[in-house]
Amino acid sequence: FAAFMNNELDYEQFYQTRTPVASFKALNEELIEDGSVLLRPSELDTLRYVKNDGPELRPNIIQITVESLSADFLGIFNRASNLTPNLTEIAAQSLVFDTFYATGTRTDRGMEALTLSMPPTPGRSIVKRPRNENLFTLGSVFRAKGYDTAFLYGGFGYFDNMNYFFGHNGYRVVDRAAVAASDITFANAWGACDEDLLRWTLREADAAYAAEKPFHHFVMTTSNHRPYTYPEGRIDLPSKAAGRAGGVKYTDYAIGEFLREAATKPWFKNTIFVIVADHCGSSAGKTELPVEKYRIPLLIYAPGGQIAPGRIDTLMSQIDVPPTLLGLLHWSYASRFFGLDVRRIDPAQGRALIGNYQKLGLLSGESLAVLKPVRQTSAYRYDFSTMKLTPATPDDALTAQAIAQYETASYLYTHRAYTPPEAA
């Protein structure tokens with residue numbers, strides 16, 4: 001009951017632990033595999049300096065985080081799907097990450113990972129917890145470089161504490177409550193349709209460009225969510241009656257229209273578009289952590305040519321997006337991120353952190369270690385070709401690595417130590 005009321009499970013009380021010193025030592029050995037340098041090696045901290053070579057790029061960044069977009073919905077991953085013609089076309093011009101996983105099963109979990117680059121600690125996400133102000137985020141890195149940072153959401157952002165989290169971490173908030181009634185042409189219980197939301201995004205980008213300020217916009221869609229209603233006449237599937245398929249295809253249509261309109265703007269060629277999902281369309285399964293129900297798409301589209309199209313198949317999860325994106329921009333910065341720039345590590349070192357309310361997983365190669373209450377663990381083998389998960393002999397080294405990830409994340413949050421370096 002206490003865990004429910006406080007939106008968290010106490011890691012130290014419910015999960016296997018090592019000493020904090022041992023866990024931070026193990027974690028930091030992994031974090032410096034990309035060549036970064038620890039700044040506080042004798043302290044319980046992940047602070048390090050990430051140095052990237054090459055001229056620093058300063059493009060605008062628009063990240064479209066799509067509600068419930070499983071990788072299986074995209075034609076590039078599933079030839080039988082015809083629901084995403086626009087994303088399929090964009091993918092051919094993008095850097096595509098083929099083995100990419102959500103950290104959780106809810107929108108707030110995706111937001112947590114994509115902004116904080118932190119493992120999914122037990123209980124609810126940090127987005128919904130107390131003491132979640134002034135954290136080290138991707139936005140804080142952009143703001144340190146003079147960027148305008150904004151969170152745009154088609155619904156009412158008080159849901160899941162989104163407005164509080166983003167508003168207290170340096171993002172301007174633009175949600176359904178912040179726009180005029182005339183800015184909403186169609187809405188349901190979840191929010192304004194994605195066309196409306198993306199039209200607001202164009203307006204915000206125009207304003208930042210006019211102010212001669214680079215921008216980083218975190219955009220969260222809602223149309224691919226039950227009841228799957230959207231404006232009639234946009235796609236060849238009927239609103240509501242088509243269910244999830246209609247929601248996916250309509251969101252794809254809205255993104256296509258948005259990018260075509262953005263292409264007419266003076267800021268277009270200097271903007272990088274990140275298209276990612278918050279979580280899968282369905283995460284129910286018979287296993288503890290059904291790995292196949294966590295696979296989502298990640299496309300990085302640079303119409304100005306700053307980032308070359310291609311494919312990367314290193315195993316990764318949402319926490320790896322912030323450092324990988326900043327690496328693509330050749331940025332050097334002080335970091336507390338748990339994620340890795342997957343282009344700078346041995347592909348064999350790729351791993352994905354996935355979890356739900358109680359179970360915390362670490363997938364490495366074909367091995368999955370799971371931590372769970374009360375101080376229990378499980379081990380599985382995951383077959384990527386058949387997508388089958390079978391019980392396996394525990395891998396003590398992988399279990400220790402999982403403990404290091406989750407114990408240190410919990411430590412930094414509870415000790416209010418996951419802050420921008422200038423606030424430390």
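**Entry 1: a glutamine in α11**

Which residues does glutamine 401 touch, not counting residues up to four places away in sequence? I looked and found Glu30 and Leu362, where contact means heavy atoms within 4.5 Å. Before going on, I note that this is a predicted model, in which local features need pLDDT of at least 70 and side-chain atom pairs count only at pLDDT 80 or more, while totals for chains, interfaces and linings use all residues. Residues are numbered from 1 along each chain as its sequence is written, and side-chain values use heavy atoms, with hydrogens and water left out.

I placed glutamine 401 in helix α11 (residues 396-414); helices (H or I, at least four residues) and strands (E, at least two) are DSSP runs, numbered from the N terminus. With a relative accessible area of 27%, glutamine 401 is partly exposed. My scale is this: buried is under 20% relative accessible area, exposed is over 50%, and partly exposed is in between (1.4 Å probe, protein chains only).

Next I asked what α11 lies across. The answer is β16, β17, β18 and β19 (376-383), with the helix running at about 50 degrees to β18. Axes here are lines fitted to C-alpha atoms, for helices over the stretch in contact, and angles run from 0 to 180 degrees between N-to-C directions.

These strands belong to an open sheet of five, in the order β16-β17-β18-β19-β20, with antiparallel pairing; two strands pair if DSSP finds at least two bridges between them. I marked β16 and β20 (388-391) as the edge strands, each pairing on one side only. Between β17 (residues 360-364) and β18 (residues 367-372) I found five bridges, and leucine 363 has leucine 368 in β18 as its bridge partner.

**Entry 2: salt bridges**

I went back to glutamate 30, the contact of glutamine 401. Its side chain meets that of arginine 351 in a salt bridge (2.7 Å, N to O), meaning a side-chain nitrogen of Lys or Arg within 4 Å of a carboxyl oxygen of Asp or Glu. This pair links distant parts of the chain, glutamate 30 in helix α3 (residues 20-31) and arginine 351 in strand β16 (residues 351-355), 321 residues apart. Both residues are buried.

How many salt bridges does a search of the whole structure find? I noted 26. Another of them joins arginine 234 and glutamate 195 (3.0 Å, N to O). Arginine 234 lies in the loop between β10 (215-220) and α9 (244-262) and glutamate 195 in helix α8 (residues 194-210), so this pair ties together parts that are 39 residues apart in sequence. Arginine 234 is partly exposed at 32%, whereas glutamate 195 counts as buried at 17%. I also found one network, in which salt bridges that share partners join Arg106, Asp108, Lys128 and Asp160.

Within that group, I checked aspartate 160 and lysine 128, whose side chains meet at 3.4 Å, N to O. Aspartate 160 is buried, with a relative accessible area of 8%, while lysine 128 is partly exposed at 22%.

**Entry 3: helix α5**

Asp108 took me to α5, as it is one of the buried residues there. Ten of the ten residues of helix α5 (residues 107-116) are buried, so the helix is largely enclosed by the rest of the structure. Just after α5, I saw that serine 117 takes a positive phi of about 55 degrees.
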